[in-house]
Every structure is written in structure tokens, then in C-alpha cells.
Amino acid sequence: MSAVLLPVLSSLVLPPGLVLVVLALVWWLIPRHTRLARVVLVFGALLLYISTIQAPAYYLSTRLERYHPLTLEQVKSSPAQAIVVLGSGRESPSRFLGDATLTSDGMDRVRYAARLRDWTGLPLLATGGSPDHEAVSEAELMKKVFEADLHTPVQWVEDKSNNTWENALFSRQILARSSIAHIILVTQAFHMPRSVWAFEKVGFLVTPAPTPYNMHRPGLSLGDWLPKVTAGMRLPLHEYIGMLWYRLRHGEKGPVATARAGLP
């Protein structure tokens, strides 16, 4: 049920869906409470403006992307026992390649995980199922890219998960059989706080290895306050709502352990 309900709710509470909800409310209020309808209309206009400028997205994203890149020394000195890379969706079958393949975000994660594997020699686990019931899971697509394009072996494939929480839960079940509890976790920088929370919650020690970063500029410019067509704010809002949902559904307690002491 949540696989259907959550995307619908997400569309309604995030821009531009929320703007449409506000306009519908204004339409309902006009013949009943004209003064209140005007207040809600002003709120809707403000919401529309905020959703079309880059400044709020910058503010929210920089707070999500709080884990610094690992240095080579930190990677090589890490006591981690395995590398876990999260799936990031798929692209439709290409006319030239013939098969579905990874998104650009997914390719970034796979390339970085392959480099980490070269530096450390640690075994790799690719995790990602088939949320839309595709024949081939995201983990299997990653394994194909790892081995065919990057000549990097994949030790384990977790192909049952449909979200970040299940990535963590099912990866834990697989790696526990090899007594592996400390991992290097690879995902996008904005997605790392929610991922670290989930993986630590199921019992992992986590060394975060984020890549890449969406907001790497030193500050805001005038252009960030001018309305333009942008989806930049939707991404960080999705992460904040996701973190809130995980805490409500999987418990309020903090992580069970951390391996991030000494890291920036």
C-alpha cells in the first residue's frame, strides 16, 4: 500500500503539487469565506515564488550535504569490511545500448564505488530491487556495469529492496552471514543523512562516502532569488520528509552505533 500511497502523498505535499492543492482550496473558499480565501491565495503565491527560486534549495541542500568527501588516507585507514553502493533508479532502454541502464546519479555512485574498491580491495555489495516490477533489478544493472564496463567484481547482489530502509535491512541480512558489520556506504551527498540513519539503525557501523554534491558553490547570488523553472527544491524537501517518515515508522531512537568519529 505504501508503494502507491507514498508517491501520491509526496506529490501533494511538495511543490508544485502543493500549489495546486492551495489553489483548489482557494476555489472552494471564495464563495464561503472570501477574506480567508484571499489570505490563502497570498500564501499560495508566496509558495509558488519560493518553489521557483534556487535560494531555498541551496539552504536545504547544503545542510543535507554535510558529510565531507573522504580523503585517500581516510579510505585506506578505514577498518570497514565491505563497500555498499545504493541503487538510484534506471534509464529506459537505449536505442544504442539496447537495454535499460543506470541513471547518471547511479553511474556516479558505481564509478566512485569501483574506485574505492581499487583503493581498499574490499568486497562490494550492490543493493537495489525493482520498485516498478521491472524484470531486472537495479542491483543487477549495477553489477553489469561494474563487471562489464569497470572490470570490478561484485561479491553480493541485494535485489529485493524498494527503498532506502529496505536497502539497509536486506543488506544487513546478507552481510551478517559473513560477520560484516562495518561498511563504507556510497550514495549521493544529499541522500547520505537518511541512508546513514537507516543503515546504522539496522546495526551497521557506517563510514559515509558521498558523491557527488549538488550544492558546491560558496554562497548565493542575485540569480538564486529570481524565479525560474527549477526542481531544485523538490529534492531536499523529499529527503527531509523521508527522514521524518523513517523516524515515525522505524523509531525515534538514534543510531545504534557510529563509525564516523574522527571524520569531518
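**Figure 1. Salt bridge between Arg111 and Asp108 in helix H6.** In this predicted model, the side chains of Arg111 and Asp108 form a salt bridge, with an N to O distance of 3.5 Å. Both residues belong to helix H6 (residues 104-120), where a spacing of three residues places them about one helical turn apart. Arg111 is partly exposed, at 45% relative accessibility, and Asp108 is likewise partly exposed, at 26%.

Figure 2. Lys143 has a relative accessible area of 27% and is partly exposed. Glu147, with a relative accessible area of 34%, is also partly exposed.

**Figure 3. Packing of helix H8 against helix H9.** Helix H8 (residues 164-176) packs against H9 at an angle of about 35 degrees, and the two axes are 8 Å apart. The crossing of H8 and H9 is right-handed. On the H8 side, the contact is made by Thr164, Trp165, Asn167, Ala168 and Ser171; on the H9 side, by Arg194, Ser195, Trp197, Ala198, Phe199 and Lys201. Of the residues in this contact, five are nonpolar, four polar and two charged.

**Figure 4. The largest nonpolar core and the surroundings of Phe146.** The largest nonpolar core of the model comprises 24 residues, and Ile83, Leu116, Phe146 and Val186 have the most contacts inside it. Two or more residues are contributed by each of strand E1 (82-86), H6, strand E4 (124-127), H7 and strand E6 (182-187). Helix H6 supplies the largest share, six residues. When residues up to four places away in sequence are not counted, Phe146 touches Val85, Val110, Ala113, Ala114, Leu124, His151, Thr152 and Val154. Another core, of 22 residues, lies apart from this one and has Tyr67, Trp165, Ala168 and Leu175 among its members.

Figure 5. Trp156 is found in strand E5 and is buried, at 15% relative accessibility. The C-alpha atoms of Trp156 and Leu125 are separated by 4.6 Å, although the two residues are 31 places apart along the chain. Neighbours within four places in sequence aside, the contacts of Trp156 are Ala82, Pro123, Leu124, Leu125, Ala126, Ile174, Leu175, Ser178 and Ile180. Among these contacts, Leu124 is also touched by Phe146.

Figure 6. The peptide bond from Thr211 to Pro212 is cis, with omega near -20 degrees. Pro212 is situated in the loop between strand E7 (205-210) and H10. His151, which is not a glycine, has a positive phi of about 55 degrees and is placed in the loop between H7 and strand E5 (156-158). His151 is exposed, with a relative accessible area of 67%, and it is one of the residues touched by Phe146. Ser179, also a residue other than glycine, has a positive phi near 55 degrees. Ser179 lies in the loop between H8 and E6 and is exposed, at 59% relative accessibility.

Conventions: Residues are numbered from 1 along each chain as its sequence is written. This is a predicted model: local features need pLDDT of at least 70, side-chain atom pairs count only at pLDDT 80 or more; totals for chains, interfaces and linings use all residues. Side-chain values use heavy atoms; hydrogens and water are left out. A salt bridge is a side-chain nitrogen of Lys or Arg within 4 Å of a carboxyl oxygen of Asp or Glu. Helices (H or I, at least four residues) and strands (E, at least two) are DSSP runs, numbered from the N terminus. Buried means under 20% relative accessible area, exposed over 50%, partly exposed in between (1.4 Å probe, protein chains only). Axes are lines fitted to C-alpha atoms, for helices over the stretch in contact, and angles run from 0 to 180 degrees between N-to-C directions. A crossing is left-handed if the near helix is turned anticlockwise from the far one by less than a right angle, and right-handed if clockwise. Contact means heavy atoms within 4.5 Å. Ala, Val, Leu, Ile, Met, Phe, Trp, Tyr, Cys and Pro count as nonpolar, Asp, Glu, Lys and Arg as charged, and the others, Gly among them, as polar. A nonpolar core is a set of buried Ala, Val, Leu, Ile, Met, Phe, Trp, Tyr and Cys residues joined through side-chain atoms within 4.5 Å.
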